[in-house]
Amino acid sequence: NISTTGAMIEGAHVTPETELLIELLPNEMFRAKVRWVDGEHAGLQFARPFNVERLNATASSRLMRRSA
């Protein structure tokens, strides 16, 4: 679950207002802040807008390399 402004993650043991780095693309870390926690789920707000289309481009690139 990801958008330009944040993401929901699962399984991380974090607390609200914690600042962290998250690897959204290979070898690229992005600053985020934990805004809410509900059991095993947490909502992150990115420090800067993230272009979600970059995830699609990375996935397409990996698929093309595998099929070659």
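Analyst: E17, E19, K33 and R35 are linked in a network of salt bridges. A salt bridge here is a side-chain nitrogen of Lys or Arg within 4 Å of a carboxyl oxygen of Asp or Glu. By that rule, there are four salt bridges. The model is predicted: local features need pLDDT of at least 70, side-chain atom pairs count only at pLDDT 80 or more, and totals for chains, interfaces and linings use all residues. Residues are numbered from 1 along each chain as its sequence is written, and side-chain values use heavy atoms, with hydrogens and water left out.

Start with E17 and R35. Their closest N and O atoms are 3.3 Å apart. E17 lies in the loop between strand 1 (6-10) and strand 2 (19-25), and R35 in strand 3 (residues 28-38), so the pair ties together parts 18 residues apart in sequence. Strands (E, at least two residues) and helices (H or I, at least four) are DSSP runs, numbered from the N terminus. E17 is partly exposed, at 44% relative accessibility. R35 is partly exposed too, at 39%. Buried means under 20% relative accessible area, exposed over 50%, and partly exposed in between (1.4 Å probe, protein chains only).

Next, E19 forms a salt bridge with K33, at 3.7 Å between the closest N and O atoms. This pair links distant parts of the chain: E19 sits in strand 2 and K33 in strand 3, 14 residues apart. E19 counts as exposed, at 62%.

Then come E28 and R54, with closest N and O atoms 2.8 Å apart. E28 is partly exposed at 30%, and R54 is partly exposed at 31%.
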